[in-house]
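Hi,

Here is the model I promised to pass on.

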Amino acid sequence: MTRAKPMPPEDRRAAIIEATLPLLEEYGPGLTTRQIAEASGVAEGTIFRVFTSLQELIEATIRERFSLDRAEAHLVSIDLGQDLLSKTRNTLDLFTHHMTSIRTLLMAIGHAHGKPELCIHEMVQGHREHLEAWLAERFAEHADELRVPARDYVSFLRLLASGRILSHEDDTDPDTIISLALDGARRKDNP
């Protein structure tokens, strides 16, 4: 491996965290420092000059994953669509991806070497509340089509997504879930 370009310690730390995040979401507790080093373009020893342990790196990566700055940057890039059907479909996909990612990260925390120092509950809760508020704003323009407030509809979609993720049988057609969500929440006087 060629020697990594010199960079300030905080930039090196940020680069390693950025390289670790997709790997952590893909490999969860099976993530190795070798994978991180390859993705970061550094030697494994460099990782341990920046972080005292794999556990510390995982915790720093998870903190970054749930930072509000990262959440805002991600939300700006999302296009839910214009109509209620598109927004419902894309919101279920968004929740499904989000919850799957959280589950993988929780497993990584639980299986990392050493005792975890990170309490993820408050970060996840804050991130979820931020996401749901953002989504409720997008559904608010459909208030006349819904028989429940937009915020309640978003919570309902989250519950549908979490039930699907937690079910060991994932054979329910997404269109059926979307139909259930819309037909159960849409006003009956709406064409």
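Which residues of α7 are buried? They are Met 123, Val 124, His 127, Leu 131, Glu 132, Trp 134, Leu 135, Ala 136 and Phe 139, where buried means under 20% relative accessible area, exposed is over 50% and partly exposed is in between (1.4 Å probe, protein chains only).

Before the rest, the ground rules. This is a predicted model, so to speak of local features we need pLDDT of at least 70, and side-chain atom pairs count only at pLDDT 80 or more, while totals for chains, interfaces and linings use all residues. Residues are numbered from 1 along each chain as its sequence is written, and side-chain values use heavy atoms, with hydrogens and water left out.

Overall picture: the protein has nine helices and zero strands, taken as DSSP runs (H or I, at least four residues, for helices; E, at least two, for strands) numbered from the N terminus. Of its 191 residues, 39% count as buried. Contact here means heavy atoms within 4.5 Å, and among contacts with a separation of 6 or more, 69% are between residues 24 or more positions apart.

Now the inside. A nonpolar core is a set of buried Ala, Val, Leu, Ile, Met, Phe, Trp, Tyr and Cys residues joined through side-chain atoms within 4.5 Å. The largest one has 24 residues, and Leu 92, Phe 95, Leu 135, Phe 139, Tyr 153 and Leu 157 have the most contacts inside it. At least two residues each come from α6 (84-111), α7 (121-139), α8 (150-166) and α9 (174-185), with α8 giving the largest share, seven residues. Another core, of 23 residues, lies apart from it and includes Phe 51, Ala 60, Phe 66 and Ile 109.

Beyond its neighbours within four places in sequence, Leu 92 is in contact with Leu 157, Leu 160, Ala 161, Ile 177 and Ile 178.

How many aromatic pairs does a search of the whole structure find? One, with pairing defined as Phe, Tyr or Trp ring centres within 6.5 Å (the six-membered ring for Trp), and planes under 30 degrees apart called stacked, over 60 edge-to-face and the rest tilted. Phe 139 and Tyr 153 make that edge-to-face pair, at 5.4 Å centre to centre and 75° between the planes. Since Phe 139 is in helix α7 and Tyr 153 in helix α8, the pair ties together parts that are 14 residues apart in sequence. Both Phe 139 and Tyr 153 are buried.

Ala 150 is also in helix α8 and is buried, at 13% relative accessibility. Leaving out residues up to four places away in sequence, Ala 150 touches Ala 136, Phe 139 and Ala 140.

Back in helix α7, which holds His 127, that histidine is buried at 9% relative accessible area.

Cheers
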